[in-house]
Amino acid sequence: MTSQSMESAAQPMQFAAPSKAVEGYGAGAIAFHWSMFLLVVGVGVLGLLHDSWPKRTQAFWINMHAMLGLLLWLTLIARFWWRSRHTPPVLPSEVGNLLRRFSGPVHLTLYALMFITPIVGVVTFIWHGRIFDFGIFHLDFGVRSNRAVFRPTEDIHGYLAYALFALAGLHAAAALWHHVFLRNGVLGRMWPMREG
């Protein structure tokens with residue numbers, strides 16, 4: 001990943017645009033955004049239900065959690081590639097300086113958490129002695145279960161996941177604040193069925 005693409009990813013919103021002509025994101029960016037939203041929700045639900053699965057189906061759901069986590073990670077990489085080639089639209093002029101300053105760091109932290117959390121999850125998965133089941137083939141690293149490794153990485157994975165969910169929730173709340181109270185068109189820029 002180049003420094004230019006990271007800088008671009010950390011700045012999803014640029015300088016002001018006239019409020020009456022709010023520029024929206026393109027179809028590709030919108031598809032990436034909502035696909036990753038669904039993946040985060042899916043991975044999160046499966047992770048939160050980890051201890052509720054019956055023993056006979058636990059291995060299946062843990063594997064599904066791992067598959068979705070890998071898909072989220074690969075989608076994130078593809079999104080970085082896409083962002084490096086597509087300039088994001090500018091913010092409406094009504095958005096204040098404080099919100100502009102927070103926008104970049106919040107997005108960069110979200111990207112960092114979505115990048116790191118699956119990696120720690122994969123380490124935990126492998127050192128549990130588990131095998132990736134992709135349906136048409138299996139991937140076995142031949143690693144025996146080692147509690148000294150997977151216990152701490154499992155905890156770290158959980159903490160990172162909670163941080164990701166909390167920040168994603170804050171991001172969603174901010175978007176709703178822009179839409180419901182500020183009415184400045186920020187949410188509509190990423191909405192799949194926006195008017196106009």
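Me: Where does leucine 38 sit in the chain?
Reply: Leucine 38 has its place in helix 2, where a helix is a DSSP run of H or I with at least four residues, a strand is a run of E with at least two, and both are numbered from the N terminus. Please keep in mind that this is a predicted model, in which local features need pLDDT of at least 70, side-chain atom pairs count only at pLDDT 80 or more, and totals for chains, interfaces and linings use all residues. Residues are numbered from 1 along each chain as its sequence is written, and side-chain values use heavy atoms, with hydrogens and water left out.

Me: And is leucine 38 buried or exposed?
Reply: Leucine 38 counts as exposed because its relative accessibility is 58%, and the class needs over 50%, whereas buried means under 20% and partly exposed lies in between (1.4 Å probe, protein chains only).

Me: Which residues make the nonpolar surface patch?
Reply: Phe37, Leu38, Val41, Val45 and Leu49 make a nonpolar surface patch of about 440 Å², with the area taken by the Shrake-Rupley method and only the protein chains shown counting as cover for residues. Patch members have over 30% relative accessible area and no salt bridge, with nonpolar side chains (Val, Leu, Ile, Met, Phe, Trp, Tyr) joined within 5 Å and like charges within 9 Å.

Me: OK, other topic: how many salt bridges are there?
Reply: The count comes to one salt bridge, taken as a side-chain nitrogen of Lys or Arg within 4 Å of a carboxyl oxygen of Asp or Glu.

Me: Which residues form the salt bridge, then?
Reply: Arginine 151 pairs with glutamate 154, and their closest N and O atoms are 3.7 Å apart. Both residues belong to helix 5, which covers residues 147-182, and they are three residues apart, or about one turn of the helix.

Me: Why do arginine 151 and glutamate 154 count as partly exposed?
Reply: Arginine 151 falls in that class because its relative accessibility is 40%, and glutamate 154 falls there because its own value is 25%.

Me: Stepping back, how many helices and strands does the chain have?
Reply: The chain has five helices and four strands, and reading along the sequence gives the pattern α-β-α-α-β-α-β-β-α.

How values were computed. Areas by Shrake-Rupley, 256 points an atom, 1.4 Å probe, with all protein chains shown as cover.
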